[in-house]
Amino acid sequence: MKKRHYNTFSIFALFVLFQICLSSFAQTKRNINDNWLYLENDTPNLNEAQKASNWTSLNLPHTWNAEDATDLYPGYRRDASWYQKKLNIPQIDKNSVYSLYFEGSNVTTKVYVNGKEAGSHIGGYIGFSIDITNFIKEGNNDIFVRVDNSYDIEIIPSQKSDFFIYGGITRDVWLISQYKNHIDDVKITTPEVSAKKASVQIVSSFVNSDNSKDLSLTVTLSNPKGKKVVSKTIPVSAKTSTITFENIKNPELWYTDNPNLYKLTAVLSEKNQIRDSVSEKVGFRWFEFKDHGPFYLNGKRLLIRGTHRHEEQAGVGAAMSNEQHWADMKSIKEMGANFVRLAHYPQDPEVYKACDELGLLVWDELPWCRGGIGNEVWKTNTKNMLEEIINQNYNHPSIVIWSLGNEINWLPDFPDGDNDKRTNAFLTELNDLAHKLDPTRKTAIRKYYEGSHIVDVFSPSIWSGWYSGSYKSYQKAINTYKKEYKHFIHAEYGGDSHVGRHSENPVTGENVIKAEGWEEAIVQTKVANIAQIGDWSENYIVDLFDWHLHVSENDPEFVGNIQWAFKDFATPLRPEDDIPYMNQKGLTDRNGIPKDAYYVFKSYWAKEPFTYIESHTWTERQGPENIPRTISVFSNCEKVTLFHDGKSLGEKQRNLSLYPANGLTWDVTFKKGENILLAIGKNKDGKTVSDTLKVNYRFNKNDTASSLQLSAEKLKNGNFLVTAIAIDNNNLRCLDYEESVYFQCLKGGKTLKNQGTPTGSESIRMANGKASIEVIPDGSGKPIEMTALNQSFKGEYLKVEP
Ligand code: GCB
């Protein structure tokens, strides 16, 4: 059985059908995420695993790297583990087939049912189903699953990629039962779409185990309001059948602002009995990459406003809940994006569902990330993966691009793995395969120049203002590439920023020398110190993005760009970054909490009116008396007025061609002590939205720290936030002080890095003389004892009563 899509509505519809037509059979789908046992033991031997006594209980999804990903030394666990479940099947129908469906298990998986191997799968990030019909019995069944994320150069992605390869059953698992004659797969295409009329083609394939001559298929299409548009019944006499609905008048198009979705239901019947039913969403849309730009959706120019998503979250790693997947996608949409590159691998089924429903175009990616070209086994694995991805995600209207990889021939894992000729031959094979499986979409790669002519769409590497040059050279760079590549898109730009780090004078990147050799630098895990141009402050990144957006929003020929990356994410390659093992190029932190940069994007892209005063993480400031400071307001309102302590500093008109902040900046002369800023944004319709910010300002600059001061605050979740503040001789907080502080929990709890996962101890870089860490009590009720120290001071001690 291939991958199919289910939703609660279809399950409910089936239930209703079942009630009406009692003699019918309908497939069932049961989520079996709960009550598993887990064994951290790499034995390949089932008997040994069965006998082990140290199994612990958990619910799926799960990764064993949730904690060690950000607390790496001496390396995150890349090994095998076992999962076990007692699966109760009260009744077995002899006319049914049973399977386990894994939405994703990383990296290789072997499934045993009642002591026998039932099936296996190679590759994480993609769903697969294991037929268990011949292995099960009525009552309790022993399911054992061995998952292995050991280093294996024959399976992409390469370990030289800038992200963790999380081990475990990282997505949902389902028990599915179907009648023996059932629908195996449904593939939907829309051969013709215009504003006036459309057609939809449905190719269904079947399993007809007993060669029944009485099968028929009814396919029904309903419009976004649920009204039936058309329906057709045909006899099923072959393994596949095709139904085409022509002449669908004035289709309600799927657009990023208005993602209209039709519903298609395919019902397989045998005489008068329903045997199976599958529901899918259909979006009518067409798109085009014009030669040398721009991009068109449904005949209208659409500037691609994109970001990247890694499947990853503080505390859980890749084992995210469906709610967490949706929260990410909604936050991306709320920012105003219309495009997301799923980097660098396919993601949870909920992510595609969210993109269809929210109106986000998708670049789906084969995980060929770095590592070069491999041997024959590697090639077979890689091709299988591409086939699985396309087959599984085919019906999602949001997908426009099948990406064949990223930086594919860099840092080869095999001898001669960066050979262009061999790489191009294989890339051509993949490209042909993708087009054969799906002629309706485009293929792409990023940053493999030698193969740029092979794929349909190409992204070079442009990191203006971070890995090379000044961000002010951005327009020049895209002008060059627009000419050079027929279908050019710009994926990946941005830089790292540390929440709460601010600077009155962020670097501009204008005078920096091009950082040669940064790629080698990454391998040596020293990228942060060697190559990047910014100062890791929020201010620098805000300027960099503001510049990029004011260029892209004002270029009528540009296809668009895709910012790197939406959320901070963990990576084995960056032990020396501000937060070790953290790529901090996110617009949000690793919990999904927006940084200032998020609001810059929102101000250009979002529809829902808002105002945001820069910056809510910069409320302690200092400087000389009577020197005005520039305050930006990020807003999409027509006009904004800024008030300082109740006094208006004037109304400004937003102007998209002005930099910075579209002209919404004011000079504010702070007084000593508390200053209240209020920004009121007004739209054409007269509606207002406001934002306030309290800034504590001081005149005397004194940044010679003489001690650390530790304090703790109880959080709503029962944890404690322990804060270290650098203090000068006058007992004042130092605002420019930025050393690393090493927090250690001596007793009674463990530290939870502010963007990370529970660990023993953490080094956190101070932003403006302040660093915080969350501490989880160990449940014993005993006081928590903490120390914090840095290079200049010995440990400061704190005792907290839980
Ligand atoms: C890249 C890679 C991406 C990295 C990113 C970075 O070019 O494609 O995987 O994470 O740069 O942050 O350096």
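**Loops, domains and a helix pair**

Me: Where is the place of K271?

Reply: K271 sits in the loop between β16 (262-270) and β17 (273-282). Strands here are DSSP runs of E with at least two residues, helices are runs of H or I with at least four, and both are numbered from the N terminus. The model is predicted: local features need pLDDT of at least 70, side-chain atom pairs count only at pLDDT 80 or more, and totals for chains, interfaces and linings use all residues. Residue numbers start from 1 along each chain as its sequence is written.

Me: What is the phi of K271?

Reply: Phi is positive, about 50°. K271 is not a glycine.

Me: Which omega goes with the cis peptide bond from G293 to P294?

Reply: Omega is near -10° for that cis bond. P294 is in the loop between β18 (287-289) and β19 (295-297).

Me: What is the omega of the peptide bond from E614 to S615?

Reply: Omega is near 10°, and this bond is cis. S615 belongs to the loop between β31 (611-613) and β32 (620-622).

Me: How do α3 and α4 pack?

Reply: Helix α3 (residues 322-334) and helix α4 (residues 349-358) meet at about 35°, with axes 9 Å apart. Each axis is a line fitted to C-alpha atoms over the stretch in contact, and angles run from 0 to 180 degrees between N-to-C directions.

Me: What is the hand of the crossing of α3 and α4?

Reply: The crossing is right-handed.

Me: Which residues of α3 and α4 make the contact?

Reply: From α3 come N322, H325, W326, M329, K330 and K333; from α4 come E350, V351, A354, C355 and L358. Contact requires C-beta atoms, placed from the backbone, within 7 Å. The set divides into 6 nonpolar, 2 polar and 3 charged residues.

Me: What makes a residue count as charged or nonpolar?

Reply: Asp, Glu, Lys and Arg are charged; Ala, Val, Leu, Ile, Met, Phe, Trp, Tyr, Cys and Pro are nonpolar; the others, Gly among them, are polar. By that rule the shell around the ligand has 4 charged, 2 polar and 1 nonpolar residues.

Me: Which residues are around the ligand?

Reply: They are D162, N406, E407, E492, W564, N583 and K585. Each qualifies because its C-beta atom, placed from the backbone, lies within 6 Å of the ligand.

Me: Which domains does the assignment give?

Reply: Domain 1 (1-285), domain 2 (290-605), domain 3 (611-698) and domain 4 (705-800). Such bounds come from an automatic or database assignment. The centres of domain 3 and domain 4, over C-alpha atoms, are 32 Å apart.

Me: Which residues does the UniProt annotation "domain: DUF4982" cover?

Reply: The unreviewed UniProt entry gives residues 631-689. That span is 58% strand and 0% helix, and its end C-alpha atoms are 18 Å apart.

Key: A crossing is left-handed if the near helix is turned anticlockwise from the far one by less than a right angle, and right-handed if clockwise. Two residues are in contact if their C-beta atoms, placed from the backbone, lie within 7 Å. UniProt positions are given in the numbering used here, feature names are shortened, and annotations may be inferred rather than shown by experiment.
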